[in-house]
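Work through the exercises below with the structure in view. Try each task before reading its solution.

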2 protein chains.
Amino acid sequence: MKIKIEKGNLLSAVQVASRGIPSHTTQPILECIVVEAKENVISMRSTDMEIAICTIADGEVIEDGTVALDAKIFLEIAKKMPDGDITIECGEDYQTKIVSGKTKFKIAGRDASVFPKTAESDGADEVIISEFSLKELIRTTLFSVDFNAAQKAMTGELLKVNGDRLSAISLDGHRISIRNIDLRKSYDPVSAIVPGKTLMEIQKALSGDADKDCTIIFGEKTILFSFGSTTLISRIIDGEFFDIKAIVNIQPQMTVTVNKQDFADCIDRAALFVKDGTKKPVILETKDNAIEVRIESTLGSMNEDVDATRTGGDIKIGMNPAFLSDILKNIDEETITLYFVGEKQPCIIRDRDSFLYLALPVALK
Amino acid sequence: MKIKIEKGNLLSAVQVASRGIPSHTTQPILECIVVEAKENVISMRSTDMEIAICTIADGEVIEDGTVALDAKIFLEIAKKMPDGDITIECGEDYQTKIVSGKTKFKIAGRDASVFPKTAESDGADEVIISEFSLKELIRTTLFSVDFNAAQKAMTGELLKVNGDRLSAISLDGHRISIRNIDLRKSYDPVSAIVPGKTLMEIQKALSGDADKDCTIIFGEKTILFSFGSTTLISRIIDGEFFDIKAIVNIQPQMTVTVNKQDFADCIDRAALFVKDGTKKPVILETKDNAIEVRIESTLGSMNEDVDATRTGGDIKIGMNPAFLSDILKNIDEETITLYFVGEKQPCIIRDRDSFLYLALPVALK
């Protein structure tokens, strides 16, 4: 194998392919990126057996061939190479020379034939969405995925297509996040529970460009994301997602509308006092034209009135400030409305149609 | 005590005073910043019993008094307060209210009378230097302080005034760093071994402004640095510093002059291959108009010729790339000259007068 790639192109391809490398593995071959030069296309791929990533690198194939290179050292070399064209050449013994000008690296490659076969998508339902929208959808829902949950479905997010709408739903034991976005055309209903780790890797790999598209292919056991020159296939999580209709459709009695940033800053200040480990809640209590936020812990106390317009009755409710803070960070609106039913019922923050966040209250003594 | 301070002024004072807080202590009072309002001056001070910091905060004294406040929570509150004027008020029970607009914090303060007495300088020899020069002097020599050395003198730097010159010298078992700067006037000879930790804190606290001065007072057991509204007193390390004249004054046989950045980049690339734990050296070997840098380890090999102009004979020498890399990071010159005596003698990098760095070689098999 012999290829020539400009440094920037090499680096971005190796960076993308590195995302598929498992953090721990007993199979040394999985620590490698497979570089393949074939029919004038240079591809780099990796897998942790759950996710498989393949990316096409822009460059020139001088001689076809394949080699598996240790991802860590390959990435370090790609980073530290001088700017300009880089030649990668691999002989029969898999010894690989990486050369640019006077800089010459030699590393031991491996036989790529023992590398697991490239996963293939088993789906046909293709949905198209802009990279920007998908990146935002993931960013604003990923925080309430419980990566360590015993219930498998909680370690992922439900991605659901219904007509011209794509929804992402995630939840842990205390919070629910729902985001909806409009698609450019209408599709047959299809859905999948996608592992949180997959979404995290995709979010990092997506450019976030509004003018670029990502194709999602929903399969029986896999989901495929194709964007730019990269394809990522992931297994999906078996089974049914949680039925949250009953929780989400509760009829709130009271609304409190506040400036989002003022409220978020105030909750952040209150969060200072939960560091003592007693898990004291922050207490939200409605006043005339305000909502009072207060907290008392062994470290000290804090209270503050945040201006609010209100409808319905009065409420006094205990909340975990960290949970509120996470939700507020993921809302970009200037003004938000909090919906309450009662002190033992969840607090919901939502707009008309594009998002709904729910957090359970903390019992007050 | 009652004082009023604008948020930015409060935050910078608390940040500076926080630098004196010990990372571990069995004396809870040392985890506090003492806030004192007296004769219209607001001061904040802290100590870890080695270093004592006192800074003056710009603000208004409404009522004299003193309180000790937990540094961590005080700093967090100062960070998260809304912009504008902040009132800090402490009653007889040391309960302290920190208020700005509608934001009200209450924390438990402590009696400051149990706080160790403010250290006083025992020196009279005053030296004046710009904050910029002092910050640079520390930055470019601190890396070769061995914070964990058994020999106390190695855990600090020698600061030495001789006429109109201030020198900083630090060394660990493998490297020596010397930096000299010219002072605006001439002083009697004076010197002190200053703990590395002290210099680290000063470097962070200095603004680095070339138009602002720092006064250094050398004492018998202490050294005092006064800059802006901050005073830092530190104990100094007892005893004599190492006599390095003999090592530094060796007569180099060979010189190799290279572009600093090219050489540093090349050493960085070679450093990739020392991660395997075998501590393989990088080999520098002179060629016609170049110096070859090469390394071989279990991970792979790398070699590169760096253009060089040379005098004297040829050299082949093993060096620790991390040590070279540290030195090169601290030199701003475009071109540098390496001086060699022989493969078992140190490599010296110096200019005419302002810096000298020395690194010991690694024996080649």
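The C-alpha centres of domain 1 of chain A and domain 3 of chain A lie 50 Å apart. The model is predicted: local features need pLDDT of at least 70, side-chain atom pairs count only at pLDDT 80 or more, and totals for chains, interfaces and linings use all residues. Residues are numbered from 1 along each chain as its sequence is written, while chains are lettered from A and ligands numbered from 1 in the order in which they are written.

**Exercise 1. Into which domains is chain A divided?**

Solution. Domain 1 of chain A covers 2-114, domain 2 covers 125-243 and domain 3 covers 250-359. These bounds come from an automatic or database domain assignment.

**Exercise 2. Describe the contact between chain A and chain B.**

Solution. Start with the count: chain B gives 23 residues and chain A gives 23 residues. Two residues are in contact if their C-beta atoms, placed from the backbone, lie within 7 Å.

Next, find the elements on the side of chain B that touches chain A. Helix 2 (71-80), strand 9 (103-108), helix 6 (260-271) and strand 19 (300-311) of chain B each supply at least two residues. Helices (H or I, at least four residues) and strands (E, at least two) are DSSP runs, numbered from the N terminus.

Then sort that side of chain B by class: 9 residues are nonpolar, 4 polar and 10 charged. Ala, Val, Leu, Ile, Met, Phe, Trp, Tyr, Cys and Pro count as nonpolar, Asp, Glu, Lys and Arg as charged, and the others, Gly among them, as polar.

Last, look at the strands. Strand 9 of chain A and strand 19 of chain B run antiparallel and are joined by 4 bridges. In one of these pairings, Lys104(A) has Asn303(B) as its bridge partner. Two strands pair if DSSP finds at least two bridges between them.

**Exercise 3. In what order do the 8 strands of the open sheet in chain B lie?**

Solution. The order is 6-2-3-4-15-14-13-10, with antiparallel pairing. Strand 6 (65-70) and strand 10 (125-130) of chain B are the edge strands, each pairing on one side only. From one strand to the next, the twist averages 20 degrees.

Now take one pair. Strand 2 (residues 32-38) and strand 3 (residues 41-47) of chain B share 5 bridges, and Glu36(B) has Ser43(B) as its bridge partner.

Helix 4 (residues 196-205) of chain B lies across strand 4 (51-57), strand 14 (222-227) and strand 15 (230-235) of chain B, at about 170 degrees to strand 15. Axes are lines fitted to C-alpha atoms, for helices over the stretch in contact, and angles run from 0 to 180 degrees between N-to-C directions.

**Exercise 4. At what angle do helix 3 and helix 4 of chain B pack?**

Solution. The angle is about 135 degrees, and the axes lie 9 Å apart. Helix 3 and helix 4 of chain B are therefore oblique to each other. Angles under 35 degrees count as roughly parallel, over 145 as roughly antiparallel, 65 to 115 as roughly perpendicular and the rest as oblique.

Finally, list the residues: Lys135(B), Ile138(B) and Arg139(B) of helix 3 make the contact with Leu199(B), Ile202(B) and Gln203(B) of helix 4. By class they divide into 3 nonpolar, 1 polar and 2 charged.
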